[in-house]
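Q: Hi! Could you walk me through this model? I'd like to go piece by piece.

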There are 2 protein chains.
Amino acid sequence: MSANINEAIQKYQDIRKKLKAFEYALWMISWDTETEAPKGSLEYRALQIGTLSEELYKLMTSNEFIEVVQSLTAQNDQLDPHLAREIALAEKMIRQYVKIPMNEYVEYQMLLSQTQSIWADAKRQNNFDLFKPYLEKIVTMVKKQVKYLETDELKCYDVLLDIYEEGMKTTDYDSFFDTLRKDLVPFVMEIIKKEPKTFAFEKKTYPKELQKEFANYLMDVLDYNRHYGLLKESEHPFTSGVTTTDVRITTHYYEDNLVSSIFSVIHEAGHGLYEQQVNPDFNGTLLTGGASMAVHESQSRFYENIIGRSMPFWKAHFPRLQEIFNEQLQGVTLEEFYQYINKSEASYIRTEADELTYPLHIMIRYEIERDLMEDKISVSDLPQVWNKKMHDYLGITPRNDREGVLQDVHWSGGSFGYFPTYALGSAYGAQIYEAMKKDLDIEKELLSGITKAINAWLKEKIHKYGKSLPPKEVFEQAVGGKFDPKYYVEYLKSKYSKLL
Amino acid sequence: MSANINEAIQKYQDIRKKLKAFEYALWMISWDTETEAPKGSLEYRALQIGTLSEELYKLMTSNEFIEVVQSLTAQNDQLDPHLAREIALAEKMIRQYVKIPMNEYVEYQMLLSQTQSIWADAKRQNNFDLFKPYLEKIVTMVKKQVKYLETDELKCYDVLLDIYEEGMKTTDYDSFFDTLRKDLVPFVMEIIKKEPKTFAFEKKTYPKELQKEFANYLMDVLDYNRHYGLLKESEHPFTSGVTTTDVRITTHYYEDNLVSSIFSVIHEAGHGLYEQQVNPDFNGTLLTGGASMAVHESQSRFYENIIGRSMPFWKAHFPRLQEIFNEQLQGVTLEEFYQYINKSEASYIRTEADELTYPLHIMIRYEIERDLMEDKISVSDLPQVWNKKMHDYLGITPRNDREGVLQDVHWSGGSFGYFPTYALGSAYGAQIYEAMKKDLDIEKELLSGITKAINAWLKEKIHKYGKSLPPKEVFEQAVGGKFDPKYYVEYLKSKYSKLL
């Protein structure tokens, strides 16, 4: 290696240090905003976020940074593989930023710093009109950004899909959802036509303090490292990590719903375990965090559904649940509880949807986003379009926008192109499950009461790589083959046939 | 005004915008650190704080900023009074920063980002040795900084005193404490010699959840604006504000102590009300926040003691307290409760000390800091020196360092010179009380159950000015005269004579 390249590496690392510090500050502010910041503080904070984002933007688009990344890109074959991968990611990031004018970038960040809380108000008040003008602004700005970012290969919605899942285009997702529609939908339709079972205990009240107690128990079961993380409350559950040593998750407790917090804790802990188990050498670099959204979601949904809604898991933990809610769950059998947490029905809320109908909720969002980006529908149409699709795919019509178009946080944060990764992640999860079975007696591990061995397998096969490999490569290496949605379809059919 | 001066003002405001954004980021991170950050995240965060502080330092010591402040200082008489005051403050700040080499400043900030949590561990474990090496590092670095900052007028400890209270030197404080020692100590000694009354209810258990309920009630009584603030838990209660629209306070609930959280909430709300009631036009400038530490403390201690431990206050609120703790406070009379919250005795913990003995606790810290800075004692001596002074002034010896030298958070945050402002603030508070009596029927206001009118008086006389006037000027204008500690001595003697 020449002195020249070492100098360039040093320069790159110096700038990266600043980028990471700005990223950290903005991460911290966002965590605060979404969990506890006083309502009235938003205006002042939006100004500060604007200034910090502007400084970050300037740094990322500085000639100094662009030149050093270009120089290292040209000498990519002389870099160690991790640094080479990082430079490739930096190069892609720069490309995205330099194409968007700074004032638009800053204006967009400032807008987003307010819209999540406005969305939360609109949802609470069941008032789409409150959110509409802001969503319109977001969509207009996103479309403008898409124009800046289009390439010969990536057009329109493709641009956004590629941001969340490298290499996945509209045609790929169209084909993936077509497969699900063909192989899975008829099966799902049969099941949800039936009158769902009802359970007396589902109508009971589950005090928040007791739900908290069980959530903490679950954190132990999942061996979640609280020295490097925590569990808190927020409107919408999410995971927020910035380094392997600081990965935070949230949940929301509903006293009229026993399982909402249970499965959101398991889901978010799945995301969190991934981020905690990345190679710590990647901290402070661009390689920390999950490989992609779909790979991330494959982990959260693997924990939530494949493990978290399995019989062996609850054989181990139902006694504790029953102990905590001894009044509410008196006389309830494990089998009844298992039926309850796996009952499938047409329902309104995505995050509460069962494992089987879930991909249909995603399909609705995918189609809406695609049509919104392709100018086939407008923001004003959303409540109506949403309700029509719910009716067409799930046979039900939301009674209000709170349980319809206002339910998800994503669009208020400008996340378009994110949703389809949820379905892809679920499909990835099923194929990972098949691969894991070859190495582990999963049932035995679940009966042991702690997911340590499962965590370790995932760390070794997936988590530790972080972003050091492209997502497809991480996935294919872990499962020993190409992605095939048949595993997902087979897994669901097999599980739900037995439940009938 | 020349175009030249307008350009300079614009330039100043552009840089100030960045300074405030960095300040905001560091404020946010510090709030998180002290209230909820995962233990294991500290190392990574220390690096990010280091980088952000370095950028802030560079900006504050940049030629660009220094030049524009110098240029505006030279044209001070042409600026509007608020901007003129701000430029004077900026000039003082720059002077402090440019004298400390950047690497030492950054190293110090990184050290402080770790030491508060190490102090908390040491306190929990009652292990001074755990904290000692860090405190030694802090003291060494502070002494080095003092050397850089000394002027013809300010030597040694004076430098630190002046940082927290403009214009107060070692000789001023020596004289203030001498007055208290001469006029107050004999009175105090008589009182604490007596066997303190005991109350059956003080040994009871007060569940945290109920304490929280009363804390929230108090926030309403004090008319604390929660749209622009919040109440949270932390190891040591504190107030943290960054703009009038975001002022947060914390408390700590001890189940074996009913009044600890009550008076820390009132105390911190006193600080918080001050920051919330500053002229909002000062947001985003250097003029927001309290005028000085002593003026700040005059507000918190006014609310905590003069109001919060008064008979009319509890005439209004004891019924609610008794309602919440109906089991624990059954049969307790208002008079007994009043006696209890005003009992005076020699005690170990400053934050739990009664109004009368409190200044003696401060005197101990003041003397230790002064002697530490003047190299008359070393960090190793602290536990011993502390215990000896406790014995000499209060007639008791701490049984361990947790209730001795480890009790306060301040030194772990590098705050030397801060403590004496507490005593000065208490004395200011008594004189402000006298002035307020001329305009308000305070007893009537307290009996009304809400401190709205009192808040309004303080806003008008003190709060709204923020830092737009020097602290002495704010105080003298509010009380209509010079500072005289006799009001403090008389207030205490009058109150405690009646309690005997």
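Q: Which residue is the bridge partner of B:L230 in strand 3 of chain B?
A: Good place to begin: B:L230 pairs with B:R248. Bear in mind that this is a predicted model.

Q: How many bridges join strand 1 of chain B to strand 3, and how do the two run?
A: Five bridges join them, and the two strands run parallel. Strand 3 of chain B covers residues 246-251.

Q: And what packs on the sheet there?
A: Helix 11 of chain B, residues 258-276, packs on the sheet and touches strand 1, strand 2 and strand 3 of chain B. The direction of helix 11 makes about 170° with that of strand 3 of chain B.

Q: Let me step back a bit. In what order do the strands of that chain B sheet come?
A: The order is 1-3-2, in an open sheet of three strands with mixed pairing. Strand 1 (229-233) and strand 2 (239-243) of chain B are the edge strands, each pairing on one side only. From one strand to the next, the twist averages 15°.

Q: How about strand 2 of chain B and strand 3, in what sense do they pair?
A: Those two are antiparallel, with four bridges between them. One place to look is B:T239, which stands opposite B:I249 in strand 3 of chain B. Strand 2 and strand 3 of chain B also form a hairpin, with two residues between them.

Q: OK, over to chain A. What does the sheet look like there?
A: Chain A has an open sheet of three strands in the order 1-3-2, and the pairing is mixed. Strand 1 (229-233) and strand 2 (239-243) of chain A each have a single partner strand, so one side of each has no neighbour in the sheet. The twist from one strand to the next averages 15°.

Q: Which residue does A:K232 stand opposite in strand 3 of chain A?
A: A:K232 faces A:T250 there. Strand 1 and strand 3 (residues 246-251) of chain A run parallel and are joined by five bridges.

Q: Which helix packs on that sheet?
A: Helix 10 of chain A, residues 208-221, packs on the sheet and touches strand 1 and strand 3 of chain A. The direction of helix 10 makes about 160° with that of strand 1 of chain A.

Q: And how many bridges do strand 2 of chain A and strand 3 have?
A: They pair in the antiparallel sense over four bridges. A:T239 has A:I249 as its bridge partner in strand 3 of chain A. The two strands make a hairpin, with two residues between them.

Q: Changing topic: how many residues of chain B are in contact with chain A?
A: 38 residues of chain B are in contact with 38 residues of chain A. The area buried between the two chains is about 3100 Å², and carbon and sulfur atoms give 63% of that.

Q: Which elements of chain B supply the side that touches chain A?
A: Helix 1 (3-35), helix 2 (42-60), strand 1, strand 2 and strand 3 of chain B each supply at least two residues. Helix 1 of chain B gives the most, with eleven residues. As for the makeup of that side of chain B, there are 14 nonpolar, ten polar and 14 charged residues.

Notes
Residues are numbered from 1 along each chain as its sequence is written. Chains are lettered from A and ligands numbered from 1 in the order in which they are written. This is a predicted model: local features need pLDDT of at least 70, side-chain atom pairs count only at pLDDT 80 or more; totals for chains, interfaces and linings use all residues. Side-chain values use heavy atoms; hydrogens and water are left out. Two strands pair if DSSP finds at least two bridges between them. Axes are lines fitted to C-alpha atoms, for helices over the stretch in contact, and angles run from 0 to 180 degrees between N-to-C directions. Contact means heavy atoms within 4.5 Å. Buried area is the accessible area (1.4 Å probe) that two parts lose on being put together, summed over both. Ala, Val, Leu, Ile, Met, Phe, Trp, Tyr, Cys and Pro count as nonpolar, Asp, Glu, Lys and Arg as charged, and the others, Gly among them, as polar.
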